[in-house]
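Hi everyone, thanks for coming. I'd like to walk you through one structure today, so please have a look at it on the screen before I start.

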Amino acid sequence: MNFIAFDFETANAKRNSACSLALTVVRDGQIVDELYSLIKPSTPFSAFNTQIHGITAAQVKNAPNFAELWPHIKNFFTPYQLVVAHNAPFDCSVLNKTLAEYDIATPSFLVLDTVKTSKQFYQDLPNHKLNTVCDSLNIDLKNHHNALADSHACAQILLTQAREFGPEKLRPFIRQYQR
């Protein structure tokens with residue numbers, strides 16, 4: 001199984017305020033690479049979001065903005081690449097709105113949401129938040145709301161589901177993302 005798990009953290013409630021991004025690369029069912037970057041957003045930080053993820057405006061002062069980061073990661077978002085996120089509508093929306101902020105076209109790619117797969121496969125859980133699913137599957141989630149920890153955990157969730165239920169059971173959850 002090959003895919004990219006990704007996660008954004010945002011500076012505030014606006015979807016164009018990405019302040020960190022992580023990608024976890026899975027090839028042949030193994031995590032083979034990871035990328036993490038702080039991002040300097042064009043919007044201010046809210047105290048609420050900083051309290052959740054711990055990222056401050058001072059920490060991203062010298063970070064690249066998303067337009068500067070995009071050339072380094074855009075090849076992960078191609079029409080036949082499977083991109084996975086826990087609550088994919090949120091992360092895809094952040095990608096779309098942040099790219100729009102810089103007049104960059106949103107690419108088309110395949111997307112799978114591990115919240116949806118978890119709701120299907122683990123119906124007895126009290127909720128399907130990342131930490132709840134990880135606890136249920138004995139996936140070590142340290143530093144929740146750190147984009148790298150969350151993308152890594154998301155990758156492990158999908159790998160666990162592929163082992164437990166088989167890749168064929170996951171195929172119906174794959175959608176083409178197009179803006």
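Let me begin with how elements are named: helices (H or I, at least four residues) and strands (E, at least two) are DSSP runs, numbered from the N terminus. Residues are numbered from 1 along each chain as its sequence is written, and side-chain values use heavy atoms, leaving out hydrogens and water. Please keep in mind that this is a predicted model, where local features need pLDDT of at least 70 and side-chain atom pairs count only at pLDDT 80 or more, while totals for chains, interfaces and linings use all residues.

Let's start with the sheet. Two strands count as paired if DSSP finds at least two bridges between them. Six strands make an open sheet here, in the order β3-β2-β1-β4-β5-β6, with mixed pairing. At the edges sit β3 and β6 (175-177), each pairing on one side only. From one strand to the next, the twist averages 30°; axes are lines fitted to C-alpha atoms, for helices over the stretch in contact, and angles run from 0 to 180 degrees between N-to-C directions.

Now zoom in on β1, residues 3-10, which runs antiparallel to β2 and is joined to it by eight bridges. Within that pair, Glu9 faces Ser20 in β2. Helix α2 (residues 66-73) lies across β1, β2 and β3, at about 5° to β2.

Asp28 is not a glycine, yet its phi is positive, about 50°. For accessibility, buried means under 20% relative accessible area, exposed over 50%, and partly exposed in between (1.4 Å probe, protein chains only). Asp28 counts as exposed because its relative accessibility is 67%.

Next comes Phe45, in the loop between β3 (30-38) and α1 (47-53). Is Phe45 exposed, partly exposed or buried? Phe45 counts as partly exposed, because its relative accessibility is 21%. With contact meaning heavy atoms within 4.5 Å, and not counting residues up to four places away in sequence, Phe45 touches several residues, including Ala11, Cys19, His53 and Val60. Phe45 and Thr10 are 35 residues apart in sequence, but their C-alpha atoms are 8.3 Å apart in space.

Over to the helices. In α5 (130-137), the buried residues are Leu130, Thr132, Val133, Cys134 and Leu137, and their cover includes α4 (114-121) and α6. Just after α5, Asn138 has a positive phi of about 60°.

Thr114 belongs to α4 and counts as buried because its relative accessibility is 0%. Which side chain does the Thr114 side chain meet in a polar contact? It is that of His86, at 2.7 Å; a polar contact is a pair of N or O atoms within 3.5 Å, where within protein one must be able to donate a hydrogen and the other to accept it, and residues adjacent in sequence count only if both atoms are side-chain atoms.

Finally, the largest pocket. On a 1 Å grid over the protein atoms alone, a pocket is an open set of points where a 1.4 Å probe fits, with protein on both sides within 12 Å along at least five of seven lines, and lining residues have an atom within 4 Å of a point. The largest pocket is lined by 20 residues, with Asp7, Glu9, Asn87, Phe90 and His145 nearest its centre. β1 gives the most to this lining, with five residues.

Thanks, everyone!
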